[in-house]
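Q: I have a model open and some questions about it. Can we go through them one at a time?
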Amino acid sequence: MSTSTSSFNQQQYQFRDYTFIAGGFDSRSNNVDTRLFSTATPPTDNAALKELLTATPAHPNNNIPPHITERALMEPKLYQISPHPLYLIKKRIEDYFKVVGHNVNSDEGFVSMDSMAPIVTLEANFDSLLIPQDHVSRSPSDTYYINDEYLLRCHTSAHQVQLLKQGHRQFLCTGDVYRRDDIDRSHYPIFHQMEGVKVFDEDATEEQVLDDLKATLEGLAKHLFGAEAECRWVEEYFPFTDPSLELEVFFDGEWLEVLGCGVMRPEIVKNGLGKGDSDTLPRAWAFGLGLERLAMILFQIPDIRLFWSDDERFWKQFSEDMAMDGSATFQTYSKFPPVYKDVSFWLKKNENDVVTFHPNDLLDLVRGIAGDLAENVEMVDQFVNPKTTLESQCYRITYRSMDRSLTNEEIDELQENLRSKIESALADKVELR
Ligand code: DAH
C-alpha cells in the first residue's frame with residue numbers, strides 16, 4: 001500500500017496496490033481567505049475547463065466517477081475555509097514563507113496561489129515534469145482522466161512550469177489533487193498539496209541551492225513541529241528533481257516523512273524561464289507536501305474522512321488562535337461500531353487471456369455508493385482455480401460512520417447496491433461469486 005507523499009518517488013514499473021471515497025458536500029461559510037503576500041493575482045478558474053469535466057457524452061478515456069466530479073467543482077476549497085485544519089496548516093506555512101521571503105535578494109518574496117483549477121493537461125501534469133511515458137502515475141488505474149488531453153491533476157507540481165512562465169520566481173501553490181488509491185484511514189481520492197519553488201541568480205552553485213533548500217525546509221519543520229524538532233534527510237527519487245530528497249521529522253517517538261523536494265532538473269527550469277537557447281541557467285529548488293498528512297500528525301486527526309465532515313463536533317475543535325505546536329490534539333468525539341461485509345468474484349480474462357480488473361475499479365464503486373461511510377477496503381482472500389485457471393479475490397469492506405451508528409438495513413442496502421453495480425459496471429472484468 002502506498003504512503004503519504006506519492007507514487008512519484010517510485011521508479012517506473014512498480015505498481016502499487018489499490019484504493020478509494022465520496023459523499024455529498026456542504027459548501028459551508030464563504031469566509032474565504034485568499035490573502036496573498038504580494039499583489040500578484042492568482043490565475044482564475046477557467047469556466048471552459050470546467051465545462052470539460054461535465055461534458056456529455058464523456059470521452060471514452062474518462063474514468064471519473066460522478067462523486068469525484070462533484071468535489072472537483074466544489075468551491076471554496078477546504079483550505080480556504082477558516083478554521084478548517086487544512087486552512088490552519090496552510091496559513092501556518094504561508095506565515096513562515098512570508099518571513100523567509102524577506103531574506104532573499106528579490107523584493108517580491110513568496111507569492112501564494114491557491115485557486116488554480118484542478119483540471120490540467122497531461123503535458124502539465126507529466127511531460128513538463130519529465131515523467132517517463134511508462135511511469136506508474138500515468139496509468140488510468142492511478143489517475144483520473146477527462147480525455148486524451150486533460151486530467152484531474154495528481155499533484156501540484158503540475159503548475160511549476162506554468163507559474164515560472166508567468167514570471168514568478170518564488171511561489172507557493174496550494175490545490176486539491178486527485179488519485180485513484182487505497183481506501184483506508186490515510187487515503188482519500190482527493191487530498192490537498194502545497195508546492196514551493198524558488199529560482200536563484202545565475203551564479204548560484206548547486207551546493208548553494210541545496211544548502212538553501214535544506215535550511216529553508218528545516219526551518220519550516222521547526223516552525224511546524226517546534227524548535228527542538230529533529231530533522232533528517234533521506235535520498236529519494238523523483239523524475240523532476242536531481243538530487244531528490246525527503247525530509248523526515250522525529251515526532252511523537254517516530255521518524256515521519258514530511259515532504260519531498262530537490263533541485264529542479266535544468267530542462268524544466270529552462271522551459272519555465274523560456275531560456276531554451278542560453279548556456280547559463282539559473283538553478284531552482286522545489287518541494288511538495290501533503291496538507292492532510294501534516295494536519296493528521298500535528299492535530300492527531302485519526303481518519304482522513306474527518307476533513308470532509310460537516311459535524312460541528314469536528315469544526316468546533318479548531319480555531320484561528322489555537323496552539324499549532326502539537327499540543328492541541330483532536331479529541332475523537334465517539335467511535336461508532338464498524339460493519340464488515342465481504343464481496344468475492346472471479347477475475348475474467350479478455351480475448352488476449354489477460355485480466356483487466358484493477359482493484360481501484362472496485363474502490364471507485366465503493367466510494368461512489370458508500371461515500372464517506374467506507375472506512376477501509378482490503379483483500380482478504382485470493383486463490384486460483386487450477387481447473388479454470390481463473391483467480392478469485394475476496395475484499396472486506398469496513399463501513400463505519402464518523403458521527404452516528406449505522407443500521408444493518410442501510411448497510412445491507414449499500415452492499416446490495418454495490419453487488420449490482422459490480423455486475424453492471426464491471427461486467428467484462430469480474431464475475432460475482
Ligand atoms: N509531486 C510530488 C508528489 O506528489 C511531491 C514533490 C516531490 C514535489 C519533489 C516537488 C519535489 O516539487 O521537488 O509526490
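Q: Where does Pro243 lie?
A: Pro243 is in strand S7, residues 241-251. Helices (H or I, at least four residues) and strands (E, at least two) are DSSP runs, numbered from the N terminus. This is a predicted model, where local features need pLDDT of at least 70, side-chain atom pairs count only at pLDDT 80 or more, and totals for chains, interfaces and linings use all residues. Residues are numbered from 1 along each chain as its sequence is written, and side-chain values use heavy atoms, with hydrogens and water left out.

Q: Is the peptide bond from Asp242 to Pro243 cis or trans?
A: The bond from Asp242 to Pro243 is cis, with omega near 0°. The peptide bond from Thr56 to Pro57 is also cis, with omega near -10°. Pro57 sits in the loop between helix H1 (47-54) and H2.

Q: Back to Asp242. Which surface patch is it part of?
A: Asp242 forms a negative surface patch with Glu206, Glu207 and Asp211. Patches are made of residues with over 30% relative accessible area and no salt bridge, like charges being joined within 9 Å and nonpolar side chains (Val, Leu, Ile, Met, Phe, Trp, Tyr) within 5 Å. Accessible areas come from the Shrake-Rupley method with a 1.4 Å probe. Asp and Glu count as negative.

Q: Which helix gives the largest share of the negative patch?
A: Helix H6 (residues 206-225), with three residues. Glu206 is found in helix H6.

Q: How many salt bridges are there?
A: A search of the whole structure finds 24, a salt bridge being a side-chain nitrogen of Lys or Arg within 4 Å of a carboxyl oxygen of Asp or Glu. One of them joins Asp372 and Arg71, with the closest N and O atoms 3.9 Å apart. Asp372 lies in the loop between helix H10 (359-370) and strand S11 (374-384) and Arg71 in helix H2 (residues 66-72), so the pair ties together parts that are 301 residues apart in sequence.

Q: New topic. What does Thr121 contact?
A: Leaving aside neighbours within four places in sequence, Thr121 is in contact (heavy atoms within 4.5 Å) with Glu149, Tyr150 and Leu151. Thr121 is found in strand S2 (residues 119-121).

Q: What is the average pLDDT of the chain?
A: The chain averages 88, and 88% of the residues score at least 70. pLDDT is the predictor's confidence in each residue, from 0 to 100. Over residues 1-5 the pLDDT is below 50, and it stays under 50 over residues 12-44. Where pLDDT is low, the predicted coordinates should not be read in detail.

Definitions and conventions. Charge placed at Lys NZ, Arg CZ, Asp CG, Glu CD.
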